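Let's take a friendly walk through a protein model, looking at how its side chains meet one another. Keep the structure open beside you as you read.

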Amino acid sequence: MNFLYQLFSEDFIYALGWTVLHSFWQALAIGLLMAVGMMLLQRKSAKARYEMAAFSMFLVLISSLITFLVYYDTAQATSDFVTIQLQEATASASVENSTLTITTLESYLEYFNQYIPFVVAVWFIGACFFLVRLMGGLAYVQRLKYTNHQPVSEKWTNKVNQLCKKLRLHKSVRMVESSLATVPMVIGYLKPVILMPIGAINGLSESEVDAILAHELAHIYRNDFLLNIFLSVIEVLFYFNPAVWWIAA
């Protein structure tokens, strides 16, 4: 575990370890609340349910950030507080009961604090692995955006521009045919590109292509590409947490 202490301070490791442990019950509580919310939104649109799930993911992150800051800022104060509490317990209770209380509390804290570096080490290694995988996925997406594609006809370029005006979308959106894409998709945030599999346009009716374009432009309008990256980062940070897996799904 020595490599951890070369990267982070002892207080940082302490706060991060307890944040990881607390995230299990925090994410579970948020997931249960989301489940109730999903039941209430059964008759609502899929967009509403998606927004609730995304908001739940943000809550998991925010709750953990607050937990980390509390533990980090009070790392030394926590130790002093426990010492004071133990001294007060000794003064106010019988020697036998106080000894039992002190022993139990000390054992509890010592047990968990002993394994905090191990918890952080496991989390750190796993997070690095999943972060590398995420970066590899993003690199492949960028490859899709810039290679092995050809522009569509002027007819479809004009169609995209018309739909952008209807949506009041002020970004410049390109549409291309890709030999690598297997399904229609949007890539990019500042300069988004709609990828259509080669031959898909010719195999569909004009109304079907219009529906696909409207769907992809809606993703751009809602900034889903950027949002999905951020949600993927949260999944990387909480890769170990089953409640987060469920919320993300």
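Start with Lys159: in this predicted model, its relative accessible area is 18%, so Lys159 is buried, because buried means under 20%. What does the side chain of Lys159 meet there? It meets the side chain of Asp210 in a salt bridge, with 3.6 Å from N to O. Since Asp210 lies in helix H8 and Lys159 in helix H6, the pair ties together parts that are 51 residues apart in sequence.

Here is the general idea behind such contacts. Side chains of opposite charge can pair when their charged atoms come close.

Now look at another pair, Glu206 and Lys155, whose side chains form a salt bridge at 3.7 Å, N to O. This pair also links distant parts of the chain: Glu206 belongs to helix H8 (residues 206–221) and Lys155 to helix H6 (residues 154–166), 51 residues apart. Glu206 has a relative accessible area of 39%, so it is partly exposed, and Lys155, at 48%, counts as partly exposed too.

Arg222 is partly exposed because its relative accessibility is 35%, whereas Asp224, with a relative accessible area of 5%, is buried.

Next, turn to the rings. A pair of aromatic rings is described by the distance of the centres and the angle of the planes. Searching the whole structure gives 13 aromatic pairs. In one of these, Phe8 and Phe12 have ring centres 4.8 Å apart and planes at 15°, so the pair is stacked. Phe8 is partly exposed at 22% relative accessibility, and Phe12 is partly exposed at 26%.

Trp18 and Tyr71 make a stacked pair as well, with 5.9 Å from centre to centre and 10° between the planes. Trace the chain between them: Trp18 sits in helix H2 (residues 10–40) and Tyr71 in helix H3 (residues 46–73), 53 residues apart, so this pair links distant parts of the chain. Are these two residues buried or exposed? Both Trp18 and Tyr71 are buried.

Rings can also be followed from pair to pair: Phe24, Phe129, Phe130, Phe238, Tyr239 and Phe240 are joined into a cluster by ring pairs. Finally, find Tyr189, where Lys171 lies over the face of the ring, 3.8 Å from its centre.

Conventions:
Residues are numbered from 1 along each chain as its sequence is written. This is a predicted model: local features need pLDDT of at least 70, side-chain atom pairs count only at pLDDT 80 or more; totals for chains, interfaces and linings use all residues. Side-chain values use heavy atoms; hydrogens and water are left out. Rings of Phe, Tyr and Trp (its six-membered ring) pair if their centres lie within 6.5 Å; planes under 30 degrees apart count as stacked, over 60 as edge-to-face and the rest as tilted. Buried means under 20% relative accessible area, exposed over 50%, partly exposed in between (1.4 Å probe, protein chains only). Helices (H or I, at least four residues) and strands (E, at least two) are DSSP runs, numbered from the N terminus. A charge sits over a ring if NZ of Lys or CZ of Arg is within 6 Å of the ring centre and within 35 degrees of the ring normal. A salt bridge is a side-chain nitrogen of Lys or Arg within 4 Å of a carboxyl oxygen of Asp or Glu.
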